[in-house]
2 protein chains.
Amino acid sequence: MIDETDRLRAEARAAVLKALAHATRIYIVDVIEREGPLCVCELTRRIGADTSTVSRHLAILKGIGILQDSKQGTTVYYSLACGCVADFLGELEKVLSALHQRELRRYQAAVTG
Amino acid sequence: MIDETDRLRAEARAAVLKALAHATRIYIVDVIEREGPLCVCELTRRIGADTSTVSRHLAILKGIGILQDSKQGTTVYYSLACGCVADFLGELEKVLSALHQRELRRYQAAVTG
DNA sequence: ATACTGTTTGGCTATATTGACAAATTTGCA
DNA sequence: TGCAAATTTGTCAATATAGCCAAACAGTAT
């Protein structure tokens, strides 16, 4: 049976991945990483969903510790809680392009017969 | 509104993250990365779930292109389809420990008052 | 106090995910 | 041919997730 340490590690990793595993949330992290802190209303404008929906996505990212918030008046700005996320996104992008390469090769092979 | 390119990138990233965002699946990838190709029955033994459940998790990972399979008799061995996954797991681990550090500091701050 | 803006939360429906069991499939072998 | 082992697939119930609307909440200014 699976080792207890391995199981706990798998669950911790899965929790972080789950927090990021949504197009809206990964977009939020990406755009904040590129442009710096943004408020809920600005993110809502860009995403085009209900404010409440965006707020809930932000709460998830804050909950896991990836984002932090700071209030200025009625406006809440969200920013990255740790720089490590940028490297993570970089590796994710590498995985993505590797998978894409494989996809292309498989397609070539299928066409070539 | 959100840029079309950004939206597509976010969805592609989310798809990969979703495939990995489950304790059982991230465990599977991790153990195969450490020990090499393993068959469904061996993985089932370690995970302790129904064979059909494990098989479905494997199908998800194969579907996104992270794993590949090869049949030997009635046995199916699953292996990593690309080495890039190891680096990805490494960065994930860094994120995790950074979040853990923050957690600790927050705890310290709470105790110290 | 009232009104206004920005944000979060309650409540609900719709959809997706997970996991087990049973049944079907594939392959090897007597 | 027929049995056994390994794996996949059909089906379904339980649970989780996502989204919206409406309502509550927090600041700011009139």
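1. Angles under 35 degrees count as roughly parallel, over 145 as roughly antiparallel, 65 to 115 as roughly perpendicular and the rest as oblique. Axes are lines fitted to C-alpha atoms, for helices over the stretch in contact, and angles run from 0 to 180 degrees between N-to-C directions. Helices (H or I, at least four residues) and strands (E, at least two) are DSSP runs, numbered from the N terminus.

2. This is a predicted model, in which local features need pLDDT of at least 70 and side-chain atom pairs count only at pLDDT 80 or more, while totals for chains, interfaces and linings use all residues; side-chain values use heavy atoms, with hydrogens and water left out. Residues are numbered from 1 along each chain as its sequence is written, and chains are lettered from A and ligands numbered from 1 in the order in which they are written.

3. Helix α5 (residues 84-112) of chain A meets helix α1 of chain B with axes that come within 10 Å and cross at roughly 90°. The two helices, α5(A) and α1(B), are therefore roughly perpendicular to each other. From α5(A) the contact (heavy atoms within 4.5 Å) takes A:F88, A:L89, A:L92, A:E93, A:V95, A:L96 and A:L99, and from α1(B) it takes B:R9, B:A12, B:R13, B:V16 and B:L17. By class these are nine nonpolar, no polar and three charged residues. Here Ala, Val, Leu, Ile, Met, Phe, Trp, Tyr, Cys and Pro count as nonpolar, Asp, Glu, Lys and Arg as charged, and the others, Gly among them, as polar.

4. Helix α2 (residues 23-35) of chain A also packs on α1 (residues 4-20) of chain B: their axes come within 8 Å and cross at roughly 120°. α2(A) and α1(B) are therefore oblique to each other. On the α2(A) side are A:A23, A:I26, A:Y27, A:D30 and A:R34, facing B:D6, B:R9, B:A10, B:E11, B:R13, B:A14 and B:L17 of α1(B). The contact of α2(A) with α1(B) has six nonpolar, no polar and six charged residues.

5. Within chain A, α2(A) packs against helix α3 (residues 40-47) at about 120°, the axes being 11 Å apart. That angle makes α2(A) oblique to α3(A). α2(A) passes α3(A) in a right-handed crossing.

6. The C-alpha atoms of A:L80 and A:T51, 29 residues apart along the chain, are separated by 20 Å.

7. Chain A is divided into domain 1 (4-82) and domain 2 (83-113), with bounds from an automatic or database domain assignment. The domain centres, taken over C-alpha atoms, are separated by 25 Å. Eight residues of domain 1 of chain A are in contact with seven of domain 2 of chain A. About 610 Å² is buried between these domains, 85% of it from carbon and sulfur atoms; buried area is the accessible area (1.4 Å probe) that two parts lose on being put together, summed over both. In domain 1 of chain A, A:I26, A:E33 and A:C82 lose the most area to domain 2 of chain A, together 58% of what that side buries.

Note on methods
A crossing is left-handed if the near helix is turned anticlockwise from the far one by less than a right angle, and right-handed if clockwise.
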